[in-house]
Amino acid sequence: MFLKSISPRQLENATRSFLAKFFPPAVVQDCLELIMYAEHRNKVGQGLLKLMGTEPLQAVKPDLAWQIDEKTKLSALIHGNKNPSFHVAQVATRLCLEKALEHGFGIIGVNGIYSSTGALGYYVEKLANSGLIAFACARSPGAVSPFGLHVPLFGTNPFAWAFPTLQEPVVFDMATSAITYYELVLAKMRGERIPPDVAVDKLGQLTDDPAAAMTGGILPFDKGYKGSALSMMVEVLSGPLVNAAFCDYKSFDKDWGFLIFAFSPSLLTDSDQFKAAASDLTSIIRDHGAVVPGDNGRLFEKKIHVEGLMNVDDEIAELLMLS
């Protein structure tokens, strides 16, 4: 199932070479950073797998260069014009950072992208590393059935938030669905079953077949109305708010949407005082034996650094010409 003898450097170089077949250097670098972040944090559905599946990153061809519509000194809307979603989201994050550092707050919306923006934790962590509190969310084509329905109206609709501490930022990143779409892609690719209670087939019956789930609907993460409501929240924030599609209905195009905002703790308190208090808060949680969001991902990254090896699925290795 796995090609086990790939070093992180080999994998990065092979991925860079693959991306260079499709994109200019600056875009390659933006995409590479997202992919390697996901692979190093054990977010297997958010990294190299985005080069496969039904909406591979490299398959979407730009119409025009992306455009920035400045709304205010605090806000902007970016029209992606089918440019690579990883790259456009990186542009949005850099602009958000610039506005938040200068004015204390920045909010950027994105429309006109047609593939996943990947691991949202990457974007908010970048902002938190600059001392900001950050939030990001993204919608995708209908794959999740709202509570009480068997019609896939919402995307898997992830969101992420992060805040700075005196050490590393705390980063939380989750899909509002019980399983992500690309976890279905991965299970189908590997010939594996999915958990029996996370998706339904087109008849509304629970299924452990990833292919049947793709034609049916994924359930909200809690299989209930709260998860459905959070998914709806993301659908609104990264759909109508940024002039992107929603529930896969729009008069002209079914694009994906992305929203990111960040603000400085100094709007309410001293920034250093906030970071010290946030560090105390996380220490209390860890002292009681609980895991703080982001800890497991960093432990996985450290494990890779020590062992010097990364696991890559055969199909991905073949795509990158590693086998």
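Which residue just after α5 takes a positive phi? In this predicted model, in which local features need pLDDT of at least 70, side-chain atom pairs count only at pLDDT 80 or more, and totals for chains, interfaces and linings use all residues, that residue is Gly 191, with a phi of about 70°. Residues are numbered from 1 along each chain as its sequence is written, and side-chain values use heavy atoms, with hydrogens and water left out.

The chain contains 10 helices and 11 strands, where helices (H or I, at least four residues) and strands (E, at least two) are DSSP runs numbered from the N terminus. For its 323 residues, a compact globule would have a radius of gyration near 20 Å, and the value of 19 Å for the chain agrees with this; the radius is taken over C-alpha atoms, and the globule rule is 2.2 Å times the number of residues to the power 0.38. Along the principal axes, the C-alpha atoms fill a box of roughly 55 × 50 × 45 Å. Of the contacts (heavy atoms within 4.5 Å) between residues at least 6 apart in sequence, 66% join residues at least 24 apart.

Helix α5, which spans residues 181-190, is mostly covered, with 7 of its 10 residues buried. These buried residues are Tyr 181, Tyr 182, Leu 184, Val 185, Leu 186, Ala 187 and Met 189, and their cover includes α6 (210-215), β9 (217-218), β11 (310-313) and α10 (314-319).

With a disulfide taken as a pair of cysteine sulfur atoms within 2.5 Å, the count comes to 0. Cys 137 is in no disulfide, and the nearest cysteine sulfur, that of Cys 96, is 12 Å away; at 0% relative accessibility, Cys 137 counts as buried. Cys 247 is likewise in no disulfide, the nearest cysteine sulfur being that of Cys 137, 14 Å away.

Definitions and conventions: Buried means under 20% relative accessible area, exposed over 50%, partly exposed in between (1.4 Å probe, protein chains only).
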